[in-house]
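Hello,

Here is the structure I promised to pass on.

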Amino acid sequence: MTKAFFDHISTTPLDPRVFEAMRPYFLDRYGNPSSHIHDQGQAALRAVDQARAEVAALIGAKAGEIVFTSGATESNNLAVLGAAEGAGAGKRHVVVSEVEHFSVMNALIPLRNAGYEVTILPVDRNGVVDPDAVRKALRADTALLSVMHANSEIGTIEPVGPIGRIAKEAGVTFHVDATASAGHIPVDVREIPADLVTLSAHNFYGPKGAGALYLREGTKLAPRTFGGFQEMGYRAGTENVPAVVGMGAASILAGREMGAWAEHLSRLGKTLWDGLAAIPMLHYTGHPSERLPGHVSFWVEHVEGESLLLFLNMKGVMAASGSACSSNLRGHDEEDLVASPVLRAIGVPSDICTGSITFSLGKGNTADEVRLAIDALPGIVERLREMSPTYLDYQKLQVKGG
Amino acid sequence: MAAGPYSEKVMDHFMNPRNVGEIESPDGVGEVGNPACGDMMRLYLKIEEGRVRDAKFRTFGCGAAIASSSMLTEMIKGKTVDEARAITNQQVAEALDGLPAVKIHCSVMAEQAVKSALDDYIKKHAG
């Protein structure tokens, strides 16, 4: 059976060329970059430094501005908590958008507990943050502004350029979570006036367990891990050398091939987008044009997300639900089931929020795979609707009304 | 075929749900849950001589919700009203070879649906 993976926003397959670059660092070159008096340590140190330059080149940064971490969650935690603390005693206010990842949102919990004031910026129905709202939210005591580059659930690309210029004028440290965008669309710190940028290797065909935080020269950041002096003191602990090397290799590939990938993804994404338009009562989410290439997200009236995904999986089509209502994101308390914060933020009515579906295409996907999804969906939607009491009521209303 | 977090039995009842539909002039109807919380079940009962002669359902919900609904209808058919009322969510979950912890509420919904439908039956027949 043909299997089609359309969940690249959760992770991407490792590019075999990246794997080849990493391979020697598992068995042959096992040194610790901090213990570099001998050849093994030297080889590891050189590899990490080279990867640092490669990752920096992807986003137009200097090598010395890249701090390696274990991934996006750690980078986001470090950015939010580190910048809040680093801003100094007088600055006790943090501003974030309503659609940030959990690793930004939940990092606000300890800040609130410590007495910080948090302002949450709303988004419009396409999920876009209004730069004017940013301007109004920033204050003299604002320590940090955090707005993501692209949203994984609905694909919308945020106007981080204009927002960054506002932050710069206000003298506020600006963090951009570029986990979903880096390696897919240009992320250039010479154009985006961000002080901190989160990157994740496994989101652009690199390995899991490697991420980075770009730290613009002069930005004040307090560390969150304490130990040795690795990563300029911002992130103690021995580097995950093979993964760091992989992140460097993935950065080179992305820098070179991103344009071709995006073209391929945009073409396939359009085919998928257009191919779903015939399904009645299907609503696309996110911005119609300012969105990640190959990202198609939607919800379908009278259809629950997980059921749809299970049926799709049986047909070999692997997609994801962006909704917190479904599966593993359900609250610990069964009574406390909440709609996806992102869908709520863009005003999707909560009684149908559970139908949120995200297709995120990757460079390896083919037109045949997209066709498989387009062919499978209408029948699954119909089958689930036939089972749904809400659809039955809807039909009865239609008959009465007509 | 087992898939994701579910047992083979759950997947069987999800992919091939038993007793989906409506009953014309049912003796009892129960509706529980809310689409806003992710699932909603409507259960129709035909009751003759104190026994559940037929049961049909419609459910909006996840795989576990649909499988729990399907399993419940199988379990209550032929049972007396009192036996049907005594069915617990644990029994529904066990009959499905277990549910993931976060999905137990789906079996609770099935238990509540039958109680709600039987309450409706009693109300109709008391009047």
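A word on conventions: residues are numbered from 1 along each chain as its sequence is written, and chains are lettered from A and ligands numbered from 1 in the order in which they are written. This is a predicted model, in which local features need pLDDT of at least 70 and side-chain atom pairs count only at pLDDT 80 or more, while totals for chains, interfaces and linings use all residues.

Helices (H or I, at least four residues) and strands (E, at least two) are DSSP runs, numbered from the N terminus. Let me start with H8(A), residues 160-170, whose buried residues are Val160(A), Ile163(A), Gly164(A), Ile166(A) and Ala167(A). These lie on the same side of H8(A), because they cover an arc of only 160° around the axis (the arc of the directions from the helix axis to the C-beta atoms). Buried here stands for 20 or more other C-beta atoms within 10 Å of a residue's own, exposed for 12 or fewer, and partly exposed for in between, with C-beta atoms placed from the backbone. The buried residues pack against helix H7 (131-137), strand E5 (142-146) and strand E6 (173-177) of chain A; contact requires C-beta atoms, placed from the backbone, within 7 Å. Just after H8(A), Gly171(A) has a positive phi of about 70°.

Next, Ala250(A), which sits in helix H9 (residues 241-276) of chain A. Ala250(A) counts as buried because it has 31 C-beta neighbours inside 10 Å. Leaving out residues up to four places away in sequence, Ala250(A) touches Asp15(A), Val18(A), Gly183(A), Ala201(A), Phe204(A), Tyr205(A) and Gly206(A). Of these, Asp15(A) is 235 residues apart from Ala250(A) along the chain, yet their C-alpha atoms are separated by 7.6 Å.

H9(A) also packs with helix H12 (residues 367-387) of chain A, at an angle of about 15° and with the axes 10 Å apart. Axes are lines fitted to C-alpha atoms, for helices over the stretch in contact, and angles run from 0 to 180 degrees between N-to-C directions. H9(A) and H12(A) are therefore roughly parallel (under 35 degrees; over 145 is roughly antiparallel, 65 to 115 roughly perpendicular and the rest oblique).

In chain B, the axes of helix H2 (residues 63-76) and helix H5 (residues 104-126) come within 8 Å and cross at roughly 40°. That makes H2(B) oblique to H5(B).

Best wishes

Note on methods:
Two residues are in contact if their C-beta atoms, placed from the backbone, lie within 7 Å.
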